[in-house]
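Please open the model in your viewer and keep the selection panel at hand.

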Amino acid sequence: MPLSRRRLFQAAGATVALSAAGQVIGTSPALAALPWARSDIGVSAYEFDLGQVRLTSGRWLDNQNRTLSYLRFVDVDRLLYVFRTNHRLSTNGAAANGGWDAPSFPFRSHMQGHFLTAWAQAYAVLGDTTCRDKAERMVAELARCQANNGAAGFTSGYLSGFPESDITALENRTLTNGNVPYYCVHKTLAGLLDVWRLIGNTQARSVLLALAGWVDTRTSRLSAGQTQAMLGTEFGGMNAVLTDLYQMTGDSRWLTTAQRFDHAAVFNPLAANQDQLNGLHANTQVPKWIGAAREYKATGTTRYRDIAANAWSITVGAHTYANGSNSQAEHFRAPNAIAAHLTRDTGEACNTYNMLKLTRELWLLSPARAAYFDYYENALLNHLIGQQNPVDARGHVTYFTPLNPGGRRGVGPAWGGGTWSTDYNSFWCCQGTGIETNTKLMDSIYFHNGTTLFVNLFVPSTLNWSQRGIAVTQTTSYPVSDTTSLQVTGDVSGSWTMRVRIPAWTQGATISVNGVQQAVTTTPGTYADLTRSWTSGDTVTVRLPMRLVMKAANDNPTMRAVTYGPVVLSGDYGNTNLSSAPTLTISSITRTSTSSLNFTATANGASVRLEPFYDAHNHNYVVYWNTSGQGGGGPAPSNQNIRPADGGQAGTSQDAQVVLADDNGSNDNLGRLL
């Protein structure tokens, strides 16, 4: 690509990537995203560019690679089919897609924006030119569609896979075909913005501005009452992406347009910290809250911040399952109704994807609040990592994550699914967010503020802190091990701080440098500050002792999930069908290996194997157990019950130091910190 079309180079130090041993493994430059025109207001920590962090091994990298295979495989012409048809252009002989992108499906053309974002992220992270080329080709063809609006009978700037008459019907409240037009438009806008920002494609900018201009024209002529009525139909994160466009361009026109999508019926109760979520379609709401956070950062209006923070606290505290997911049949239920809704259609993946985006936005405002990333880790590790089918070479995903007794992954929506996603015949919302999730898994491991480095997640990875000439290599088998090491190399001289998250679930965490334990406060649920004069090659070792914790459902203290450190454990029931939750004998839980997170226990008088929930694939499982009659957590299994796989003395292996604790399930420990 000509330099004028590339993203800006970072400093010269960005041209190297490091292996786990600290050796140079490549010379492809890490390219920076195009800069924002306006700085966010109120933030106290800053992200690294996607290309500055690389995954190096493990489950997260495996997920990324499977998704990358799919992104390289998928046919751009097939994805363009509904756009070309709608805008009266030849489909070039391409086959039509099925599922949610079929020519007759109401909100066809939502998926293409997800692909644009995922391709752009894959290029930003890895320099993958195949993904870049697919993104740029799609943008060029979308520009042709948009340019043919006159012949198609559409207003200038319009771009979609369905006729503009659906927008008119939406405005008139006569739309009855099931379409959610602005939901789809949001995905297209967001994808175009990412291709512009992460790849530097100026044609994407032109198409984006034309489509945003069309949105402004359509919405500016509506009265406030008409607008609020229209917002009763799902519209994705229109307020978020238009605010991003304001931040990217500095043009206040886009902020004005964004604020037309402030949904009063949802925002007003949240501004007053009232939980009125019961019965609302969950994933319709969360993107609005992300928009509120973005609007705060664009304007400094504290009401927006309060809406976003209150929404997070309410959802995490009163509507979230043990694995960080929320919703049942895509809807929020009554506050604290958890055990009452353990069904086959819990945990829509889109909700968790968006909750992670919201969490990240809020943490950047309050980076001392470790509870945000305690939740982030839980939801990513125990929901979204396991959303992907590990035996599928193209990384297809499940829509729901069932939590009923005897549940099994591989559940799509009642319409257009029923199993894992496919190459061309599903294209659900959760497939779209899934390809985005698994191309940015590294984006929240590290953050910075001046000379302070935040370490939020414990994942094998390398950080190229090119702004300071520093590289960090994190090596770990976490969460199988409770220890991670971070080696710093390069121009590390001088005194600066590494700020490490100490999760709320640990006790007795320690931090050592070059084998010497440091006098650093490691209070659970906070950050530990390691400030020192550094030498290249210094290795920081963080140990986070893990223990078994029984997490009760908010509405039923006898229905509990088993967690070990950050990991939700599930019982393997093979192909056995269950009609109710088995009764788990808590005192029987025994770890059977120090090299894996395998446990055994007794439930209903029979032995059952427990494993990390993210590995519960191709069998029926149990996450929430009946523990009635076993008190507040039940009798704690002693260390003698945790048997090291190496045959060593029970209770002496660092992996075998396990005690049992109880959690009342309210998640108040998260909400109170906000």
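Three cavities of 30 Å³ or more are present in the structure, where a cavity is a set of points, on a 1 Å grid over the protein atoms alone, at which a 1.4 Å probe fits but cannot get out. Grid points are joined across faces, edges and corners, and a volume is the space filled by probe spheres set on the points. This is a predicted model, in which local features need pLDDT of at least 70 and side-chain atom pairs count only at pLDDT 80 or more, while totals for chains, interfaces and linings use all residues. Residues are numbered from 1 along each chain as its sequence is written, and side-chain values use heavy atoms, with hydrogens and water left out.

Select Ala318, His319, Tyr321, Ser327, Gln328, His331, Phe332, Arg333, Ala337 and Ile338, which line the largest cavity, lining residues being those with an atom within 4 Å of a point. The volume of this largest cavity is about 50 Å³.

Next, colour the nonpolar cores, each a set of buried Ala, Val, Leu, Ile, Met, Phe, Trp, Tyr and Cys residues joined through side-chain atoms within 4.5 Å; buried means under 20% relative accessible area, with exposed over 50% and partly exposed in between (1.4 Å probe, protein chains only). The largest core has 189 residues, and Phe115, Trp119, Tyr182, Trp289, Leu453 and Ile589 touch the most other members. Its largest share, twelve residues, is supplied by helix 7 (residues 181-199); helices (H or I, at least four residues) and strands (E, at least two) are DSSP runs, numbered from the N terminus. Another core, of 15 residues, lies apart from it and includes Tyr321, Ala616, Tyr621 and Val623.

Now select helix 10 (residues 238-249), whose twelve residues should span 16 Å at 1.5 Å a residue, in agreement with end C-alpha atoms that are 16 Å apart; the expected span is 1.5 Å times one less than the number of residues. Eleven of the twelve residues of helix 10 are buried, so the helix is largely enclosed by the rest of the structure. Show its surroundings and you will find these buried residues packed against helix 7, helix 8 (202-220), helix 11 (252-259), helix 12 (264-271) and helix 13 (282-299). After helix 10 comes Gly250, with a positive phi near 80°.

For a buried loop residue, centre on His87, between helix 2 (76-86) and helix 3 (111-126); at 0% relative accessibility, His87 counts as buried. Beyond its neighbours within four places in sequence, His87 has contacts (heavy atoms within 4.5 Å) that include Cys145, Asn149, Phe154 and Tyr158.

Finally, display the open sheet of seven strands, ordered 4-7-8-9-14-11-12 with antiparallel pairing; two strands pair if DSSP finds at least two bridges between them. Strand 4 (53-55) and strand 12 (516-517) are at the edges with a single partner strand each, so one side of each has no neighbour in the sheet.

Strand 7 (residues 461-465) pairs with strand 8 (residues 470-476) over five bridges, and Trp465 stands opposite Ile470. The hairpin of strand 7 and strand 8 has four residues between them, and Gly469 in the turn has a positive phi of about 70°. On the other pairing, strand 8 and strand 9 (residues 483-490) share seven bridges, Val472 having Val488 as its bridge partner.

Notes: On a 1 Å grid over the protein atoms alone, a cavity is a set of points where a 1.4 Å probe fits but cannot get out, and a pocket is an open set with protein on both sides within 12 Å along at least five of seven lines; lining residues have an atom within 4 Å of a point.
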